[in-house]
Amino acid sequence: CVWFQNGRPYRGEYRKFKVKTVEGIDDFASMNEVVARYFTRRIEEEKPLPDLVVIDGGKGQLNAAHAALSALGLAAMPMISLAKREEEIYMIGRSESLRLSRRSPALRVLQQARDEAHRFAITFQRKRRAMRTVTSELMKVPGIGDAKRRALLEAFGSLQGVRDAPVEAIAALPGFGRKTADRIVAAL
């Protein structure tokens with residue numbers, strides 16, 4: 001989720017979401033969950049609501065997001081969606097899409113917001129994938145569970161840091177001994 005204020009990114013209001021309740025790939029259900037969680041939290045924390053909600057996608061994503069807002073009593077909140085292929089703008093209650101001129105400053109702001117949301121999401125997904133890779137390599141070491149993996153990463157900063165660490169430094173960590181440290185060094 002990205003936030004633009006006066007046509008510019010306002011990074012203090014950016015938010016990352018992990019979809020929690022949707023199994024598999026269901027774009028509409030995921031959109032509904034994330035929008036509901038985001039606005040529920042903003043209401044609970046008494047934070048300001050946006051003047052316009054822009055959803056990345058077409059009619060289906062817009063309807064899923066609108067259903068989430070309606071369930072929260074925010075059905076009247078201004079909301080549109082921007083579909084990438086033809087840069088069509090969909091609005092609640094209007095069957096036809098709106099197509100602005102490719103040179104329209106309004107369309108450019110919407111595209112910039114959408115592209116920033118993509119950039120932010122891709123960066124988050126890459127970071128999560130990298131963490132899974134690091135975790136999976138440490139998982140191969142016999143006798144190393146979640147707590148010890150976390151302790152290693154916190155102490156040495158990264159998988160490379162663990163690889164470069166002397167056996168004595170690993171053995172000195174609470175809950176680790178010389179045998180465990182030798183096993184880690186040998187495995188990595």
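Select Ile55 and Ser81 to begin: Ile55 stands opposite Ser81 in strand S4, where strands count as DSSP runs of E of at least two residues and helices as runs of H or I of at least four, numbered from the N terminus. The model is a predicted one, in which local features need pLDDT of at least 70 and side-chain atom pairs count only at pLDDT 80 or more, while totals for chains, interfaces and linings use all residues. Residues are numbered from 1 along each chain as its sequence is written, and side-chain values use heavy atoms, with hydrogens and water left out.

Because 5 of the 5 residues of S4 (residues 79-83) are buried, the strand is largely enclosed by the rest of the structure.

Next, select residues 88-91, strand S5, which pairs with S4 in the antiparallel sense over 4 bridges; here Met91 is the bridge partner of Ile80. The hairpin of S4 and S5 has 4 residues between the strands, and in it Glu87 takes a positive phi near 55°. In the hairpin of S5 and S6, which has 6 residues between the strands, Gly93 has a positive phi near 85°.

With these strands displayed together, the view is of an open sheet of 4 strands in the order S3-S4-S5-S6, with mixed pairing. S3 and S6 stand at the edges, each with a single partner strand, so one side of each is left without a neighbour in the sheet.

Return to H2 and select its buried residues, which are Gln61, Leu62, Ala64, Ala65, His66, Ala68 and Leu69. The buried residues of H2 pack against H1, S3, S4 and S5, contact here meaning heavy atoms within 4.5 Å. The end C-alpha atoms of H2 are 18 Å apart, which agrees with the 18 Å that its 13 residues should span at 1.5 Å a residue, the expected span being 1.5 Å times one less than the number of residues. After H2 comes Gly73, whose phi is positive, near 80°.

For the aromatic rings, the count comes to 3 pairs, where rings of Phe, Tyr and Trp (its six-membered ring) pair if their centres lie within 6.5 Å, and planes under 30 degrees apart count as stacked, over 60 as edge-to-face and the rest as tilted. Select Tyr14 and Phe120: their ring centres are 4.9 Å apart and their planes lie at 70°, so the pair is edge-to-face. This pair links distant parts of the chain, 106 residues apart, with Tyr14 in the loop between strand S2 (8-9) and helix H1 (27-44) and Phe120 in helix H3 (residues 105-139). Both Tyr14 and Phe120 are buried. Tyr38 and Phe39 make another edge-to-face pair, at 5.1 Å centre to centre and 90° between the planes, and ring pairs link Phe17, Tyr38 and Phe39 into a cluster.

Finally, select Gly143, in the loop between H3 and helix H4 (146-156); Gly143 is exposed, with a relative accessible area of 57%.

Terms used:
Buried means under 20% relative accessible area, exposed over 50%, partly exposed in between (1.4 Å probe, protein chains only). Two strands pair if DSSP finds at least two bridges between them.
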